Amino acid sequence: MMKVAENNKKNKTLNPLQDWRNTIQCMDCLLGMDFIPNDSIDLILTDPPYGISRELNCKGKKLGSTAVLDFNFGEWDKFNQEWFEVAIKKTRGWMMTFCAKKDVGYFIDRLEKAGFIAVDVIVWQKPDPIPLNAKSRFLNAWEAIVVGKKPGALWNSNYEHNIIKVQAPKGASRVHPTQKPVELIKKLIQLTTNEGDLILDPFMGSGTTAVACLESSRDYIGFEISKEYCKLASDRLKAAQTPLL
Ligand SMILES: C[S@@+](CC[C@H](N)C(=O)[O-])C[C@H]1O[C@@H](n2cnc3c(N)ncnc32)[C@H](O)[C@@H]1O
């Protein structure tokens, strides 16, 4: 796909807003976003690598009905902020990113420096967090989502809490180690965009944002560097498109 994109750039034939609409491009988002025109996206909603991989002595242990414990997410989890500076230029509306708690201040600062209103930090509350190190510290029962907007960006609510409690994917529905719930992503999409609007997720993982867009009649463009996760995302999208008999 990278080659296709490079060739298209040379030939000036690629129209990413049409040709990549409702697709996940299996490529590095830093290369892909270079093709997306500035101010062409209504909402960027993404979940980048946080740099939270750890080798734990509990690795491999089973935990209730959830997957086997493994907090080494591999190469892709290397944290790097370069993507944010590129992505922020693409949105004319909203910018939302999951991030590690220690990086909340960094992203608020970058939003304000880019002329955005740093609206809030949303808490995604997980009702049954993994009881990791429960005898020596608090359980990790929430994740942060930093939210910024351009002045005048669309807001579809009159009353909305900034703490959203949703079950994390588990069992057979959990196919990616840091998969987010479709219900949570749908809520954020529906609050900040209208049907037909365009959403960019540079780090699609298993395609949660794409599934949420599909189920909310929004359009999307996604990037994902791992072939394995691109395949998973494509399978999930096919399943979401197939009506239940
Ligand atoms: C935190 S996960 C996203 C999980 C996703 N929210 C879900 O529900 O499945 C981050 C993803 O970014 C991908 N990634 C890492 N670096 C990337 C890059 N430079 N370009 C595109 N994708 C990248 C990883 O392969 C990983 O799947």
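1. Contacts of Lys126. Apart from neighbours within four places in sequence, Lys126 is in contact with Ala141, Trp142 and Ala168; two residues are in contact if their C-beta atoms, placed from the backbone, lie within 7 Å. Lys126 lies in the loop between S4 and strand S5 (142-149). Helices (H or I, at least four residues) and strands (E, at least two) are DSSP runs, numbered from the N terminus. Lys126 and Ile164 are 38 residues apart in sequence, and their C-alpha atoms are 8.7 Å apart in space. Lys126 is partly exposed, with 17 other C-beta atoms within 10 Å. A residue is buried if 20 or more other C-beta atoms lie within 10 Å of its own, exposed if 12 or fewer, and partly exposed in between, with C-beta atoms placed from the backbone.

2. Basis of the model. This is a predicted model, in which local features need pLDDT of at least 70 and side-chain atom pairs count only at pLDDT 80 or more, while totals for chains, interfaces and linings use all residues. Residues are numbered from 1 along each chain as its sequence is written.

3. Overall composition. The protein has 8 helices and 8 strands. Of its 245 residues, 34% count as buried. Among contacts in the protein with a separation of 6 or more, 70% are accounted for by residues 24 or more positions apart.

4. The nonpolar core. A nonpolar core is a set of buried Ala, Val, Leu, Ile, Met, Phe, Trp, Tyr and Cys residues joined through C-beta atoms within 7 Å. The largest one has 47 residues, and those with the most contacts inside it are Ile44, Leu45, Met96, Ile189, Ile199 and Ala210. Not counting residues up to four places away in sequence, Ala210 touches Ile24, Met204, Tyr220, Gly222, Ala233 and Leu237.

5. Helix H6. In helix H6 (residues 182-192), the buried residues are Val182, Leu184, Ile185, Lys186, Leu188, Ile189 and Thr192. They pack against strand S2 (41-46), strand S3 (91-99), strand S4 (117-125), strand S6 (163-165), strand S7 (198-201) and H7.

6. Helix H8. What span should the 15 residues of helix H8 (residues 227-241) have at 1.5 Å a residue? The expected span, 1.5 Å times one less than the number of residues, is 21 Å, and the end C-alpha atoms of H8 are 21 Å apart, which agrees. Tyr229, Cys230, Ala233, Arg236 and Leu237 are buried in H8. Seen down the axis, these buried residues fall within an arc of 125°, so they line one face of the helix; the arc is that of the directions from the helix axis to the C-beta atoms. Lys227, Glu228, Lys238 and Ala239 are exposed on the other side of H8. The buried residues of H8 pack against S1 and H7.

7. Two positive phi angles. Most residues other than glycine have a negative phi. Asn22 is not a glycine, yet has a positive phi of about 60°. Asn22 sits in the loop between helix H2 (16-19) and strand S1 (23-25), and is partly exposed, with 14 other C-beta atoms within 10 Å. Ser217, also not a glycine, has a positive phi of about 55°. Ser217 is in the loop between helix H7 (208-216) and strand S8 (219-223), and counts as exposed, with 12 C-beta neighbours inside 10 Å.
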